[in-house]
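Thank you all for making the time this morning.

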Amino acid sequence: MIDDERIKLIANERAKLTATYLNGIAVAVFAVGGFAPFITTALSPAPLGSSLVPVLSVMVICWIMSGAIHWMARTPLKDMRP
């Protein structure tokens with residue numbers, strides 16, 4: 001009985017660790033690719049004309065990727081055992 005409880009505990013901790021790792025990647029993608037370019041562009045003394053479209057494109061792609069990775073991070077949590 002104790003072995004079964006220990007196996008469940010280990011499996012749950014592994015699922016949480018995997019989800020946390022994936023969520024950390026999602027946060028990094030958002031911060032580095034989705035948020036930092038916006039701040040850099042907004043604080044830049046250069047005119048925003050030609051650089052705005054590529055920056056916004058990269059930001060949107062990174063926001064979508066971050067959301068997708070975060071959604072994937074939820075998948076291992078479905079394997080948790082009561």
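Phenylalanine 35 has a relative accessible area of 44% and is therefore partly exposed, where buried means under 20%, exposed means over 50% and partly exposed is what lies in between, with a 1.4 Å probe and protein chains only. Please keep in mind that this is a predicted model, in which local features need pLDDT of at least 70 and side-chain atom pairs count only at pLDDT 80 or more, while totals for chains, interfaces and linings use all residues. Residues are numbered from 1 along each chain as its sequence is written, and side-chain values use heavy atoms, with hydrogens and water left out.

Phenylalanine 35 forms a stacked aromatic pair with phenylalanine 30, at 6.4 Å centre to centre and with 15 degrees between the planes. For this term, rings of Phe, Tyr and Trp (its six-membered ring) pair if their centres lie within 6.5 Å, and planes under 30 degrees apart count as stacked, over 60 as edge-to-face and the rest as tilted. Phenylalanine 30 is itself partly exposed, at 36%.

Which ring pairs with phenylalanine 30 at 25 degrees between the planes? That ring belongs to tryptophan 63, and with the centres 6.4 Å apart this pair is stacked. The pair links distant parts of the chain, since phenylalanine 30 is in helix H1 and tryptophan 63 is in helix H2 (residues 52–74), 33 residues apart; helices here are DSSP runs of H or I with at least four residues, numbered from the N terminus. Tryptophan 63 is partly exposed at 40% relative accessibility, and Phe30, Phe35 and Trp63 form one aromatic cluster.

Turning to the helices themselves, H1 and H2 pack at an angle of about 165 degrees, with their axes 8 Å apart, the axes being lines fitted to C-alpha atoms over the stretch in contact and the angles running from 0 to 180 degrees between N-to-C directions. H1 and H2 are therefore roughly antiparallel, a term used for angles over 145 degrees.

Finally, asparagine 12 lies in helix H1 (residues 2–43) and, at 12% relative accessibility, counts as buried. Leaving aside neighbours within four places in sequence, asparagine 12 is in contact with Met80 and Arg81, contact meaning heavy atoms within 4.5 Å.

Methods:
Helices (H or I, at least four residues) and strands (E, at least two) are DSSP runs, numbered from the N terminus. Angles under 35 degrees count as roughly parallel, over 145 as roughly antiparallel, 65 to 115 as roughly perpendicular and the rest as oblique.
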